[in-house]
Amino acid sequence: MKRIGVLTSGGDAPGMNAAIRAVVRKALYEDMEVYGVNYGFAGLVAGDIRKLTRRDVGDMIQRGGTFLYSARYPQFATEEGQLKGIEQLKRFGIEGLVVIGGDGSYRGAYALTKHGFPCVGVPGTIDNDIAGTDYTIGFDTTINTVLEALDRIRDTATSHIRTFVIEVMGRDAGDIALWAGVASGAEQIIIPEKDFDITEVAENIRRGREKGKKHSIIVLAEGVMDGQEFAEKLDSIDNFHVRVTVLGHVQRGGSPTARDRVLASQFGAKAVEVLKDGRGGVCIGLDNEKFVEREIIDTLDNLEHKPNLDLYKLNEEISN
Ligand code: F6P
């Protein structure tokens with residue numbers, strides 16, 4: 001393969017630029033050319049494609065977001081959209097495509113591969129919710145962003161002897177809440193993968209108060225319910241002076257951490273190696289510190305993402 005394309009799709013994640021940079025630089029190193037597709041699959045169908053040079057990815061490794069832009073484009077589920085996408089790629093002489101994104105993006109990559117156009121998936125989402133990899137690009141930066149916010153909230157919570165519910169992103173997965181919760185010493189972590197009992201949550205807050213705790217931090221994953229609803233449930237039991245903070249999209253921005261930059265660089269380079277071999281339909285992942293390649297379809301249909309529930313148990317043991 002001599003000419004490949006790269007796009008970012010779905011919610012952006014810090015480190016996507018570092019991944020694009022690695023794809024471009026590794027491909028050039030291998031004497032291949034790279035074309036960037038703007039706006040994910042939407043831009044692909046529209047033919048919004050341009051050649052990327054070494055300089056285009058200079059001064060990019062440290063930047064948040066994605067300079068190729070991103071989009072959610074459910075229309076790409078149709079065969080008509082997919083075939084149009086392939087037509088556009090062929091118009092530019094592109095022979096393979098690196099797709100950086102979450103599982104919606106993997107579906108698009110798989111569909112193109114099934115139509116005979118080889119694609120490689122690179123896991124990029126702050127949610128860390130992709131099966132077949134321990135970590136996704138963006139997750140580390142996000143949990144550090146959340147952690148910084150939690151540390152700040154703890155200061156004010158202590159000053160006023162308040163309970164805070166902090167709603168974090170993650171879609172249906174609890175990874176962000178879990179990791180940021182443990183890192184911040186949160187009193188309670190509420191995630192979709194574990195049932196909770198609101199009366200027990202209230203009881204824990206009371207017990208903490210009795211032991212002289214000045215604050216109570218509850219990190220709530222958005223996949224459980226929204227923060228306001230959770231606070232109302234707590235308030236219906238007792239007046240805990242609950243305040244709610246919804247961190248929102250601040251969690252998606254910012255300069256990637258060293259860990260995300262390195263992971264993105266490694267994933268990007270591995271993706272190029274796969275296409276260089278003329279292969280497609282696979283995604284790159286990290287499994288116990290080792291890089292793995294898996295069939296995209298296997299990842300989508302047979303594997304399940306599971307957060308590290310040892311962390312949940314650990315938090316119960318050490319947070320109160
Ligand atoms: O998948 C990343 C994510 O930030 C989720 O955590 C969140 O639920 C969703 O995207 C928000 O999507 P949007 O930016 O389209 O509102």
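User: At what angle do the axes of helix 5 and helix 6 cross?

Analyst: In this predicted model, helix 5 covers residues 139–160 and helix 6 covers residues 175–184. Their axes come within 9 Å of each other. The crossing angle is roughly 50°.

User: Are helix 5 and helix 6 parallel, antiparallel, perpendicular or oblique to each other?

Analyst: Angles under 35 degrees count as roughly parallel, and those from 65 to 115 as roughly perpendicular. The axes of helix 5 and helix 6 cross at roughly 50°, and the crossing is right-handed. The two helices are therefore oblique.

User: How much space lies in the largest cavity?

Analyst: A probe the size of a water molecule, rolled over the atoms, shows where empty space is left. The count comes to three cavities of 30 Å³ or more. The space in the largest cavity is about 50 Å³.

User: Which helix gives the largest share of the lining of the largest cavity?

Analyst: The lining consists of Glu187, Asn204, Ile205, Gly208, Arg209, Lys213, His215, Ser216 and Asn320. By class, one of these is nonpolar, five are polar and three are charged. Four lining residues come from the helix with the largest share, helix 7 (residues 198–210).

User: Which strand gives the most to the lining of the second largest cavity?

Analyst: The second largest cavity has a volume of about 40 Å³. Two elements give two or more residues to its lining, strand 10 (282–287) and strand 11 (290–295). With three residues, the strand that gives the most is strand 10.

User: How many nonpolar residues are in the lining of the second largest cavity?

Analyst: Residues lining the second largest cavity include Tyr106, Pro123, Ile130, Cys283, Val292 and Arg294. By class, three lining residues are polar and one is charged. The nonpolar residues number seven.

How values were computed:
Residues numbered from 1 in each chain as written. Predicted model: local features only at pLDDT ≥ 70, side-chain atom pairs only at ≥ 80, totals over all residues. Heavy atoms only, no water. Axes fitted to C-alpha atoms, helices over the stretch in contact; angles between N-to-C directions. Parallel < 35°, antiparallel > 145°, perpendicular 65-115°, else oblique. Left-handed = near helix turned anticlockwise from the far one by under 90°. 1 Å grid on protein atoms, 1.4 Å probe; cavity = no way out; pocket = protein on both sides within 12 Å on 5 of 7 lines; lining within 4 Å. Points joined across faces, edges and corners; volume = space filled by probe spheres on them. Nonpolar A, V, L, I, M, F, W, Y, C, P; charged D, E, K, R; others polar.
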